[in-house]
Amino acid sequence: MDRETREMSNEFKVKNGISTPLVSLNNLSYSSSVTITTTSTNATVLYSFDGLIYGSGKFLIQAISNGNIHNTELLVIHSGITATAVEYARIFNNSSLFAIDVDKTGDTVRILTNSASATSTKYIITFTLNKI
């Protein structure tokens, strides 16, 4: 499948089956949001994107659990081999609800979280991805 076909057929899905349409911004970047809920402290994929199409992204991640709220903002880039992120804004009301990591597996860049507890944590991820 050539690159142009991949861009046209690219559909974003999260682990729990929610599919979200992308909003095109001048055909250079795309924005959308997804929601995922987890009850695990193990690494969980919050979001992933195709590294052949997108080179960088900005993510606003909000977590809510038992009346606690935690927001962070993250910039992600990849070199084609590895993914790198910088978490440059973080705020929470009582204690941190999660830690963030990124990786690249094959052509896929993943945003991973480790929740601080096994209680239900709802994540809302709003993002903008920039094409290569």
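Modeller: Leu75, Val86 and Tyr88 make a nonpolar surface patch of about 260 Å². Patch members have over 30% relative accessible area and no salt bridge (a Lys or Arg side-chain nitrogen within 4 Å of an Asp or Glu carboxyl oxygen), and nonpolar side chains (Val, Leu, Ile, Met, Phe, Trp, Tyr) are joined within 5 Å. Areas are Shrake-Rupley with a 1.4 Å probe, and for residues only the protein chains shown count as cover. It's a predicted model: local features need pLDDT of at least 70, side-chain atom pairs need 80 or more, and totals for chains, interfaces and linings use all residues. Numbering starts from 1 along each chain as its sequence is written, and side-chain values use heavy atoms, leaving out hydrogens and water.

Biologist: How many bridges join β7 to β8?

Modeller: The two form a hairpin with 4 residues between them, and Gly80 in the turn has a positive phi of about 100°. Leu74 stands opposite Glu87 in β8. The strands run antiparallel, and pairing takes at least two DSSP bridges; the count joining β7 to β8 is 9.

Biologist: Where does pLDDT stay under 50?

Modeller: pLDDT is the predictor's per-residue confidence, from 0 to 100, and the chain mean is 85. The stretch under 50 is residues 1–19.

Conventions:
Contact means heavy atoms within 4.5 Å. Patches are made of residues with over 30% relative accessible area and no salt bridge: like charges are joined within 9 Å, nonpolar side chains (Val, Leu, Ile, Met, Phe, Trp, Tyr) within 5 Å.
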